[in-house]
Amino acid sequence: MPEALILVADAGPVRTLTLNRPAALNSFTGEMHAELRAALDEAAATAGVRALVITGAGRGFCAGQDLNDPGMAPGADGKVDIGAVIEANYRPLALRVRSMPVPVIAAVNGVAAGAGANLALGCDLVIAARSASFIQAFSKIGLIPDCGGTWLLPRLLGRARALGLALTGDKLPAEEAARIGLIWQCVDDSALADTAQSLAQRLAAMPVKALAATRAALDASAQMGMADALTLEADVQRELGRQADFAEGVAAFQQKRTPVFKDR
Ligand code: T3D
């Protein structure tokens, strides 16, 4: 039986998905996309999963599209319809990550290039090993950033730095990525797995419904004026205020005890 392209491991409420094509730096084939989509859908549908970690096997996180994938072969007209690949694979992936009902942490263990970089940057929190790096490799092969890169980069960094990275395709070391605010944290290589895991366990014990709603509200605010953002805040708070987690959070505070959150 062929080895799974996505490894799935649970540690209590934290599920870890490991991209598993290490010989090709975990670059994406159509098959790996399909397995990752299925794994994300399954995690979203599993009540016991309250936080997700995405990482890579071997020395890389993900080198983006597998440029040798037979699915990239030219059609009868000698051309490749990359738009179809984006619509079928990268668009659903970027949107799925962004709509997970639980927080998603990217544990970037090595190079994250092309769509691999933007898969990581689309996660809620990005922790990278000191030896890792981020490369918007697209310009070097005549493409634009995809997997959400055109939306994510200017929001995370502002236009000047977004364009700097996207136009040059230069490698950005993890330490520098943390310094300029592209990612949450850079840690020693030996500390990456434990740091990501303990952060995920911490988030899993929090009111994850509110965490997912926080991500959604921040994303929605990118298209809004302040008045509309305030309206959205009121609407979401109204909804969350009716949840058991809110009652539990307040009760635990009043009773000076640790809350036990269950909503998802
Ligand atoms: O359908 C579409 O195309 C649209 C979607 C586009 C999304 C995209 O992601 S476009 C961008 C695609 N990715 C790239 O252009 C990155 C290509 N890779 C690299 O530039 C370098 O490999 C890295 C900078 C990422 C890492 O360099 P290095 O020196 O650490 O490793 P390496 O020796 O280049 O790679 C190791 C192996 O992985 C090597 O295989 P080998 O020679 O040992 O058998 C290499 O060919 C393979 N590999 C790395 N990246 C890819 C890849 N194989 C296929 N596709 C890759 N993207």
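Start at A63. One of its backbone N or O atoms lies 3.0 Å from a nitrogen atom of the ligand. L67 does likewise: a backbone N or O atom sits 2.9 Å from a ligand nitrogen. R59 uses its side chain, with a polar atom 2.9 Å from an oxygen atom of the ligand. I call these polar contacts, meaning a pair of N or O atoms within 3.5 Å; within protein, one must be able to donate a hydrogen and the other to accept it, and residues adjacent in sequence count only if both atoms are side-chain atoms.

A word on the model. It is predicted: local features need pLDDT of at least 70, side-chain atom pairs count only at pLDDT 80 or more, and totals for chains, interfaces and linings use all residues. Residues are numbered from 1 along each chain as its sequence is written, and side-chain values use heavy atoms, with hydrogens and water left out.

Back to the ligand. How many residues surround the ligand? The count is 25, and the closest are R59, A63, Q65, L67 and A115. The cut-off is a heavy atom within 4 Å.

Next, D66. D66 forms a salt bridge with R21, closest N and O atoms 2.9 Å apart. The pair links distant parts of the chain, 45 residues apart. D66 is in the loop between β4 (60-62) and α2; R21 is in the loop between β2 (14-19) and α1 (30-45). Helices (H or I, at least four residues) and strands (E, at least two) are DSSP runs, numbered from the N terminus. A salt bridge here is a side-chain nitrogen of Lys or Arg within 4 Å of a carboxyl oxygen of Asp or Glu. By that rule the count comes to 13.

Now the domains. The assignment, automatic or from a database, gives domain 1 (6-204) and domain 2 (208-255). Their contact takes 14 residues from domain 1 and seven from domain 2, with contact meaning heavy atoms within 4.5 Å.

How much area do the two domains bury between them? About 790 Å², 46% of it on carbon and sulfur atoms. That is accessible area (1.4 Å probe) lost on putting the two parts together, summed over both. On the domain 1 side, R50, R98 and W151 lose the most, together 44% of what that side buries.

R98 also pairs with D219: their side chains meet in a salt bridge, 2.7 Å from N to O. Between the domains, the count is two salt bridges. Helices α2 (82-98), α4 (149-157) and α7 (192-204) each supply at least two residues of the domain 1 side that touches domain 2.
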